Amino acid sequence: MTQADISQGIAASGAPACSGDANAVGLHAERLLNLYPSTPATVTRDEGLLLYRDMTLGRRFEDKCAEMYYRGKMFGFVHLYNGQEAVSTGVIKAMKAQHDWFCSTYRDHVHALSCGVPAREVMSELFGKETGCSKGRGGSMHLFSKEHHLLGGYAFIGEGIPVALGAAFTSRYKRDALGDASSDAVTAAFFGDGTCNIGQFYECLNMAALWKLPILFVVENNKWAIGMDHNRATSDPEIWRKAAAFGMHGEEVDGMDVLAVRGAAQRAIERARAGEGPTLLECLTYRFRGHSLADPDELRAEAEKEFWAQRDPIKRLAAHLIEHNLATAEELKVIEKEIDAEVADCVEFALAAPEPKPEELTRYIWAED
Ligand SMILES: Cc1ncc(C[n+]2csc(CCOP(=O)(O)OP(=O)(O)O)c2C)c(N)n1
Ligand SMILES: [Mg+2]
């Protein structure tokens with residue numbers, strides 16, 4: 001396919017015209033425009049509003065994080081999720097809260113919120129406060145909540161994948177070896193495109209397929225691994241195809257469309273619960289900000305950023321809800337206002353919360369009774 005074809009594809013897709021050079025839009029966009037159509041989820045009004053609320057919370061929480069980071073309220077690296085909300089919401093809200101299991105990466109705030117960890121606990125953790133979900137000992141990259149079955153954010157890439165595999169193995173072992181028929185939890189492991197070039201990914205795919213484990217490997221392919229273009233770093237940029245090497249089901253999906261992600265996730269979850277094993281789900285997405293808040297984001301082409309910004313998953317869901325008479329623009333505005341209040345509240349709460357006591361520095365390294 002030539003660049004002219006890509007430009008025509010963009011026009012034919014009905015997407016608003018991009019300014020700038022079509023050369024800069026690139027292969028990742030080309031894949032999105034040529035995706036094999038998959039069946040999206042259909043949603044009721046309540047489900048649609050729940051998805052809208054979750055994505056809006058994720059976006060506004062992250063915007064507030066940026067503000068707080070630049071005001072010096074949090075330390076270390078902070079990686080935001082703006083642009084990728086359809087993946088977290090699409091997968092996690094298709095699973096059973098406090099029953100299924102979740103493993104994240106260092107880009108973990110929004111996964112935690114989708115899992116139901118209260119915004120107050122997430123913001124407190126980012127401020128290093130005792131009221132944080134990891135008691136202020138973890139920070140941005142190490143969110144954890146036993147109560148919400150969030151098995152962690154991980155600073156080392158790929159570290160969460162074997163942990164997720166262990167959770168999936170546990171579900172299966174409890175049911176098949178220990179005879180607990182109610183043990184049908186499914187695990188979702190989230191990780192990026194760059195992470196698919198390391199060994200743990202392949203080792204875990206192998207074991208998951210071998211033992212037919214109930215797990216979703218969710219690739220958040222946002223085209224970039226810090227400053228490395230995915231297409232320059234991997235043998236076959238279509239990650240979902242790597243599933244075939246393990247005899248596993250693989251699927252690619254528009255990661256800017258929450259209903260497409262939800263539809264694919266629902267199918268994968270159903271297979272996993274039925275004992276039919278794992279799925280490798282590649283979500284084509286894009287991060288709207290730099291790799292971390294320390295990244296000035298000067299590397300990526302403006303035309304590329306604009307191409308993806310025009311596919312903002314939250315605006316897209318809003319348009320769908322309004323078009324299908326599931327909600328009015330006014331109702332969505334009310335939700336946004338409620339979310340703004342929730343985010344303002346979590347900042348106030350976290351600012352006022354106590355620091356961990358210095359003499360308790362090593363507390364929580366081991367589990368307490
Ligand atoms: C084992 C390991 N090697 C290298 C790094 C440095 N590193 C931090 S982020 C990153 C890129 C990961 O990219 P990707 O998996 O695409 O995730 P994204 O940041 O795009 O969400 C790398 C290599 C690391 N954190 N851990
Ligand atoms: Mg990436």
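Asn222 and Trp224 are both buried, meaning under 20% relative accessible area with a 1.4 Å probe and protein chains only. The model is predicted; local features need pLDDT of at least 70, side-chain atom pairs count only at pLDDT 80 or more, and totals for chains, interfaces and linings use all residues. Residues are numbered from 1 along each chain as written, chains are lettered from A and ligands numbered from 1 in written order, and side-chain values use heavy atoms, without hydrogens or water.

**Magnesium ion**
- Asp193 (OD), Asn222 (OD1) and Trp224 (O) coordinate the magnesium ion (ligand 2) at 2.1 to 2.2 Å.
- Its donors (N, O and S atoms within 2.8 Å of the metal, or 3.2 Å for Na, K and Ca) follow the spacing D-x28-N-x1-W along the chain.
- Water is not among the atoms, so sites may look incomplete.

**Ligand 1**
- Ligand 1 is surrounded by 14 residues, each with a heavy atom within 4 Å of it.
- The closest are Tyr106, Arg107, Gly194, Thr195 and Trp224.
- The shell holds seven nonpolar, five polar and two charged residues.
- Here Ala, Val, Leu, Ile, Met, Phe, Trp, Tyr, Cys and Pro count as nonpolar, Asp, Glu, Lys and Arg as charged, and the others, including Gly, as polar.
- A side-chain N or O atom of Thr195 is 2.7 Å from an oxygen atom of ligand 1.
- For the side chain of Asp193, the N or O atom is 3.1 Å from a ligand 1 oxygen.
- Trp224 brings a backbone N or O atom to 2.8 Å from an oxygen atom of ligand 1.
- On its own, ligand 1 has 590 Å² of accessible area (Shrake-Rupley method, 1.4 Å probe), and the protein covers 72% of that area.

**Largest pocket**
- A pocket is an open set of points on a 1 Å grid, with protein on both sides within 12 Å along at least five of seven lines.
- The largest pocket has a volume of about 550 Å³.
- Its lining has 20 residues (an atom within 4 Å of a point); closest to the centre are Cys133, Lys135, Phe144, Lys146 and Tyr364.
- The lining divides into six nonpolar, six polar and eight charged residues.

Notes. 1 Å grid on protein atoms, 1.4 Å probe; cavity = no way out; pocket = protein on both sides within 12 Å on 5 of 7 lines; lining within 4 Å. Points joined across faces, edges and corners; volume = space filled by probe spheres on them. Buried < 20%, exposed > 50% of the residue type's maximum accessible area, 1.4 Å probe, protein only. Polar contact = N/O pair within 3.5 Å; in protein donor to acceptor, adjacent residues only side chain to side chain.
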